[in-house]
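Student: I am new to this structure and would like to go through it with you. Please show it to me, and then I will ask about its parts.

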Amino acid sequence: MRRPPQALESAAARLVTALPGPLRRGLAGPPIGRDGLVLDPQVQLVLALRERRGVVPLDRLAPREARDVVAREALTLCGRAPDVTGVTDLEVDGATGPLAARLYRTDEADAPLLVYFHGGGFVTCGLDTHDVPCRTLCRHAGVHVLSAEYRQAPEHPFPAAVDDACAVFAWAVKNAADLGADEGRVAVGGDSAGGTLAAVVSRLTTRAGDPPPAAQLLVYPATDRLGTHASMRTFATGYYLTAADIAWYHAQYAGPGGDRRGDPRMSPLLANDLGGLPPAVVVTAGFDPLRDEGEAYAAKLRAAGTPATSRRFPSLVHGFMHMTGASRAARDALVETGGMLRGALSPAHDDRRAP
């Protein structure tokens, strides 16, 4: 059976989630509460419709198939693309050669640059799946955003993505002025796997004595592949990202090189040198198996003396940055995230004290 065009699927998603509350509740089922939290009703409807469609678990798919499935779902739920001043496709330097990138420009004067790494478990997603989140951050954080690819697993296992992320950030620092940005304020950020990369880039550049990021934006990052956190058990199934998905992604990323889950480049929470790093904005979702390790990372940064603001959006799930077309709460959370980054990059924000 032929699927409808992407635009029709997106319109259908917006229409269903915009139904009157009682009808929407009837489709989604009774309110869901776990761990003292209540799931956003629009996100609950997305999850209910997803279950009725019979989404195939990632561990039953080959990486190529998984990329198609994840991309289609992200593009369906993300909604309309916000306008920005300009968008340019370009190439940047990776560790082994050029990588595709996309620059989103703001019209705000002397704007900083955010180097952004997409999520997707180091396996899926790319520039197109993260177009709406990057546009939204560009508008609401008042930053130019350089969204960059990196080599993906399983074709390129760990540490290929880390090496590329460090090379991309170094390229961005060198070329910030040519990109029209304030070369003294180049930040790094990402969501999920991209948040992990942003955390690792922040630590490695600082420790190497290279120009560090002005700030780090870590949206529901994966920070600990060795430990077992309570949220991983509580939200193991039923809330978009599952524990089985995480295990599948990790197997692709780790590759055949042995068990390196304790490597701080794979598990930033296990690093013992987190002091003196760039100020961090750490964003988590209440109904996310990765929630507790992200919040533990923010706490460990603060304990080491690194400023870290931690913000949990209690009613949302992992991946909410891609649900802004279906959930008002998800859109508000992404806009607020942009505001927090704006604050972290403000010229007045220079005391580097942890809240």
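Tutor: Before the questions, one term: buried means under 20% relative accessible area, exposed over 50%, and partly exposed in between (1.4 Å probe, protein chains only). The model is predicted, so local features need pLDDT of at least 70 and side-chain atom pairs count only at pLDDT 80 or more, while totals for chains, interfaces and linings use all residues. Residues are numbered from 1 along each chain as its sequence is written, and side-chain values use heavy atoms, with hydrogens and water left out.

Student: How many bridges join strand E4 to strand E6?

Tutor: Strand E4 covers residues 98-105 and strand E6 residues 144-148, and the two run antiparallel. Tyr-104 stands opposite Val-145 in E6. The number of bridges joining E4 to E6 is four.

Student: At what angle do H6 and H7 pack?

Tutor: Two packed helices are described by the angle between their axes and the distance between the axes. Axes are lines fitted to C-alpha atoms, for helices over the stretch in contact, and angles run from 0 to 180 degrees between N-to-C directions. The axes of H6 and H7 are 10 Å apart, and the packing angle is about 65 degrees.

Student: How many nonpolar residues does the contact of H6 with H7 have?

Tutor: Contact means heavy atoms within 4.5 Å. It is made by Ala-161, Val-162, Ala-165, Cys-166 and Phe-169 of H6 and by Leu-197, Val-200, Val-201, Leu-204 and Thr-205 of H7. Ala, Val, Leu, Ile, Met, Phe, Trp, Tyr, Cys and Pro count as nonpolar, Asp, Glu, Lys and Arg as charged, and the others, Gly among them, as polar. By class, the contact has no charged residues, one polar and, as the number asked for, nine nonpolar.

Student: Is Arg-291 buried or exposed?

Tutor: A salt bridge is a side-chain nitrogen of Lys or Arg within 4 Å of a carboxyl oxygen of Asp or Glu, and Arg-291 forms one with Asp-35 at 2.7 Å between the closest N and O atoms. Asp-35 lies in the loop between E1 (33-34) and E2 (37-38) and Arg-291 in helix H10 (residues 291-303), so the pair ties together parts 256 residues apart in sequence. Asp-35 is partly exposed at 44%. Arg-291 has a relative accessibility of 4%, so the answer is buried.

Student: Which residue does a cis peptide bond join to Ala-153?

Tutor: Most residues other than glycine have a negative phi, and most peptide bonds are trans. The loop between E6 and H6 holds the residue in question. Omega of this cis bond is about 0 degrees, and the partner of Ala-153 is Pro-154.

Student: What is the phi of Phe-122?

Tutor: Phe-122 lies in the loop between E5 and H5. With a relative accessible area of 10%, Phe-122 is buried. Although Phe-122 is not a glycine, its phi is positive, about 70 degrees.

Conventions:
Two strands pair if DSSP finds at least two bridges between them.
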